[in-house]
Amino acid sequence: ITFDLSSIKMSPYPFEDIFVDKDGVMIMAQITKKGGMLAEFNYFKDCSNDNLDLAGAEDLASEFIKKIGYTNMKAVWTADSGNTITINFASLVNGVICYLDLVKVNVCRERAVVSGLEASSYIYNYTTREPKTAVVSVNQVKKKVSSEIKIETVRLAIIPKGETNEILAYEFTGTKNGTMYYIYIDAQTGKEADIFMVIDTTEGKLLM
């Protein structure tokens, strides 16, 4: 299949097929009508044992999405639910992470294979974007972050704002009393745009 990224936003509605492997395990795949992008994929085979570490799972997932046409992506979040690891990839716009264009990949640790993919966010949101420029400096907005949070990383990111808008923001990650926080400050206005807290669940770590 040849993938045409310029056309995928025109018609995200997919073709869907269901297959079974030689053992009778169901496999489901959805492919977009325009562009031929793999929109969703699930291999419903049990994954019971842990034979793969996080780094190995990320390498497998990264190679897989490159092969099917999702290029210029960066792993931004990993959720470890035990025997399956979910890795979220976001696109890069001139080196800046764009959280609107997400591709989620599941990796089975037992068989060391990709067992699922969900790319609806990427398919609905991907477009050619003009580079955005920060108006305020990181030192100017750093004071917006609570002094109780120990800042660990800072980087620029494109994040959703409301239902249809997006903004360039400084992403600060840091901890307070052992809890990780993600704080976003608008890089053009200097106003706080969003804040998330990382919580532990039975499905791994989630942002709230």
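Select Y70 and Y122 to begin: both residues are buried in this predicted model. Their rings form an aromatic pair, edge-to-face, with the centres 5.0 Å apart and 90 degrees between the planes. The two ends of the pair come from distant parts of the chain, 52 residues apart. Y70 sits in the loop between α1 (54-67) and β4, while Y122 belongs to helix α2 (residues 120-125).

Y70, Y122 and Y126 make up one aromatic cluster.

Next, select W77 and Y182. This is another aromatic pair with edge-to-face geometry, at 6.1 Å centre to centre and 70 degrees between the planes. W77 is in strand β4 and Y182 in strand β10, so the pair ties together parts of the chain that are 105 residues apart in sequence. Are W77 and Y182 buried or exposed? Both are buried. Over the whole structure, the search finds six aromatic pairs.

Keep W77 and Y182 selected and bring in V76, R155 and T173. These five lie nearest the centre of the second largest pocket, which has 13 lining residues. The space in this pocket is about 200 Å³. To see where the lining comes from, colour β4 (73-80), β8 (150-161), β9 (165-176) and β10 (179-186); each of these supplies at least two residues. Which element gives the largest share of this lining? It is β4, with five residues. By class, the lining of the second largest pocket holds five nonpolar, three polar and five charged residues.

The largest pocket contains about 690 Å³ of space. How is the lining of the largest pocket divided by class? It has 14 nonpolar, nine polar and nine charged residues.

From β6, go to the loop between β5 (84-93) and β6 and select N94. The backbone is the thing to inspect here: N94 has a positive phi of about 50 degrees, although it is not a glycine. With a relative accessibility of 65%, N94 counts as exposed, because the cut-off for exposed is over 50%.

Then follow the chain to the loop between β6 and β7 (113-118), where A112 is placed. A112 is a residue other than glycine with a positive phi, near 55 degrees. How does A112 count in terms of accessibility? Its relative accessibility is 31%, so A112 counts as partly exposed.

Finally, colour the model by pLDDT. The chain averages 88, and 91% of the residues score at least 70. Select residues 1-12, where pLDDT stays under 50. For this stretch the model has 35 contacts beyond four places in sequence. Where pLDDT is low, the predicted coordinates should not be read in detail.

Note on methods. Residues are numbered from 1 along each chain as its sequence is written. This is a predicted model: local features need pLDDT of at least 70, side-chain atom pairs count only at pLDDT 80 or more; totals for chains, interfaces and linings use all residues. Side-chain values use heavy atoms; hydrogens and water are left out. pLDDT is the predictor's confidence in each residue, from 0 to 100. Contact means heavy atoms within 4.5 Å. On a 1 Å grid over the protein atoms alone, a cavity is a set of points where a 1.4 Å probe fits but cannot get out, and a pocket is an open set with protein on both sides within 12 Å along at least five of seven lines; lining residues have an atom within 4 Å of a point. Grid points are joined across faces, edges and corners, and a volume is the space filled by probe spheres set on the points. Ala, Val, Leu, Ile, Met, Phe, Trp, Tyr, Cys and Pro count as nonpolar, Asp, Glu, Lys and Arg as charged, and the others, Gly among them, as polar. Helices (H or I, at least four residues) and strands (E, at least two) are DSSP runs, numbered from the N terminus. Rings of Phe, Tyr and Trp (its six-membered ring) pair if their centres lie within 6.5 Å; planes under 30 degrees apart count as stacked, over 60 as edge-to-face and the rest as tilted. Buried means under 20% relative accessible area, exposed over 50%, partly exposed in between (1.4 Å probe, protein chains only).
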